Amino acid sequence: PKYGLVAVKRFGATVKWLVAILSKADKFVLRREALQERPVTMGILTDASPLGLGAVLVHVDTLTKSVFLVEAFEAKFSLAEATLLGVEHGESSSQGILEALAVFRAVKLWRTRLQDRAVFVRSDSVVALAMTRKLASSTPALNHLGGELAIALEQFNVLRLVPQHIPGVM
């Protein structure tokens, strides 16, 4: 045997297969990534309490760095949702999960407006922002929301989320 040499004949079929696949890559590509990141042009500001959550959608003027209100929503946190997420309804111990749920609901609600855009997410919850950044968590309920958020971002073709912390005031 000759050491350091590769039997090229064995790769003939593989090379032909790869050339065929890569020449028709547009049919197989799920997402194209630009070499330069697009600037953030939309934003979501969220907040939650033990019994409800809400968010505001804003448009960012990239030239003046001004932010303009587009739409807002509010929703009650139901007992059924608490059961589904495995948290206590109305208790402050579920605050981080509710804040993360607010981000997820906002992305789903405004999916058509967020499509093909980079979006900032501002919240006073470090837990929700960490889940938004990693799209995962060690907590089962947050990990579930992170997975659902990841799927939603791909389905709706949201380019990226940029988490930004707003310190809460007491």
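This short talk goes through the salt bridges of the structure shown above.

Please note that this is a predicted model, in which local features need pLDDT of at least 70 and side-chain atom pairs count only at pLDDT 80 or more, while totals for chains, interfaces and linings use all residues. Residues are numbered from 1 along each chain as its sequence is written, and side-chain values use heavy atoms, with hydrogens and water left out.

A search of the whole structure finds three salt bridges, each defined as a side-chain nitrogen of Lys or Arg within 4 Å of a carboxyl oxygen of Asp or Glu.

I begin with Glu81 and Arg105, whose closest N and O atoms are 2.0 Å apart. Glu81 belongs to helix α2 (residues 79-85) and Arg105 to helix α3 (residues 95-109), so this bridge ties together parts that are 24 residues apart in sequence. Helices (H or I, at least four residues) and strands (E, at least two) are DSSP runs, numbered from the N terminus.

Glu81, at 18%, is buried, whereas Arg105, at 23%, is partly exposed.

The next pair is Arg113 and Glu71, with 3.3 Å between the closest N and O atoms. Because Arg113 lies in helix α4 (residues 111-114) and Glu71 in strand β3 (residues 66-76), the parts joined are 42 residues apart in sequence.

Finally, Arg160 pairs with Glu37 at 3.7 Å between the closest N and O atoms. Arg160 is partly exposed at 25% relative accessibility, and Glu37 is exposed at 64%.

Conventions:
Buried < 20%, exposed > 50% of the residue type's maximum accessible area, 1.4 Å probe, protein only.
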